[in-house]
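These are short notes for a colleague who has not seen this structure before. Please read them with the sequence and the model open.

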Amino acid sequence: MSRRQQNEAQLNSQQVSFIGNLSSPQSLLLIVLLASLLAILFTVLKSGLQNFDWVLLGMSGLFTIWCLLGAAAVLQLLKPVFAQMTTAVTAGLSFVVCLVWVACVTVFAQWFARGGLQNEVWLFDGWALTEILVVATILLGVGMRYAYLSLQYRLREQSSLHARLDALHSRIRPHFLFNTLNSISSLISVAPDKAEQAVEDLAALFRANLQSGMSVVCWADERELCERYLRIEHARLDERLRVDWQDSDLSDDISVPSLLLQPLIENAITHGIQRLQEGGVVSIRARVVEGMVEIEVQNPVPEFADVVEGNGIASDNIRLRLQALFGNQARFTSQRSEGQYQVRAVFPMKKLTQAASA
């Protein structure tokens, strides 16, 4: 199996987890707040407001935090196991695991309260354990219902995201196809051998990328696609087109949005290099800075050319795709200065395996 097929298999196997990310700061804060509210409610019911028992509040708070945080930790550790199961089996097994954990914490709490703190002979209290398990069953039922609704929401959100990305890809791919065919057609009359080679490159390029439904690919595949496109354009522009790759600091398995770099290079050539009689250099720099991937494309432009209008379709498309994939963490900027036009895309660094499991 080729590297591209492996990457595609990883992304196609991506699933939304029923459990969710219980180790995130938001989840942990919610768990602690819920434990505190349960402890306050239990204390008020036991001692009342007039004779509020602060010691009971502390003990019950410690107990509920141990139950909730411990259950969350166990479920988080079991997520790789749950990933191989259906949603129904995952929900049922999670329910049983949580009840077993609550039972273990309850028995330990009984022993600690009697034998550990008061040095008394510990006798197992079955009724107290039963009461706690009944309450835990009700709360877990509510929690499982919330987890199911949350799963449905995340599935709808993911489906909406995929629809947006597919729509954006459907806009950029015909644009790429028509421009590439125009480049090849200009070679047929002047350099048929180069035109034939360009057609072969285009066919290979289509097989490698344009038939793929992936929204994220590794950097090595994105660069390979761009090199094929540059070979087609170099056959047409010859020495007028020069390329400076500066990507040695970027690992090949870093994930990037598919068809991110190629439209930027295409714009650099179409609205910059080919309009200059002497041609110029397309500088491509890719690096990682403080956990963020930065990709820059810079090219010379004619003095009075309106490159902003010419780059609008690709730039708007890439900006929307970055926003859909990474939200406010991504940035896309462009600027013109001293005869040079530069675009920069910045987004969080992830390796392809991490992107598939996120």
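1. A residue counts as exposed when its relative accessible area is over 50%, as buried when it is under 20%, and as partly exposed in between. Glutamate 338 has 80% relative accessibility and is therefore exposed. This residue sits in the loop that links strand S6 (331-337) to strand S7 (340-348).

2. Please keep in mind that the model is predicted. The protein chain has 12 helices and 7 strands. It has 358 residues, and 39% of them count as buried. Of the contacts between residues at least 6 apart in sequence, 74% join residues at least 24 apart.

3. Helix H8 (residues 219-237) and helix H9 (residues 261-270) have axes that come within 9 Å and cross at roughly 20 degrees. Because of that angle, H8 is roughly parallel to H9. The crossing of H8 past H9 is right-handed.

4. Which residues of H8 meet H9? Among them are Trp219, Leu225, Tyr229 and Leu237, and the H9 side includes Leu261, Ile265 and Ile269. By class, this contact of H8 with H9 has 9 nonpolar, 1 polar and 4 charged residues.

5. Aspartate 238 is in the loop between H8 and strand S2 (241-246). Its phi is positive as well, near 55 degrees, in a residue other than glycine. Aspartate 238 counts as partly exposed because its relative accessibility is 36%.

Key. Residues numbered from 1 in each chain as written. Predicted model: local features only at pLDDT ≥ 70, side-chain atom pairs only at ≥ 80, totals over all residues. Heavy atoms only, no water. Axes fitted to C-alpha atoms, helices over the stretch in contact; angles between N-to-C directions. Helix = DSSP H or I, 4+ residues; strand = E, 2+ residues; numbered from the N terminus. Parallel < 35°, antiparallel > 145°, perpendicular 65-115°, else oblique. Left-handed = near helix turned anticlockwise from the far one by under 90°. Contact = heavy atoms within 4.5 Å. Nonpolar A, V, L, I, M, F, W, Y, C, P; charged D, E, K, R; others polar. Buried < 20%, exposed > 50% of the residue type's maximum accessible area, 1.4 Å probe, protein only.
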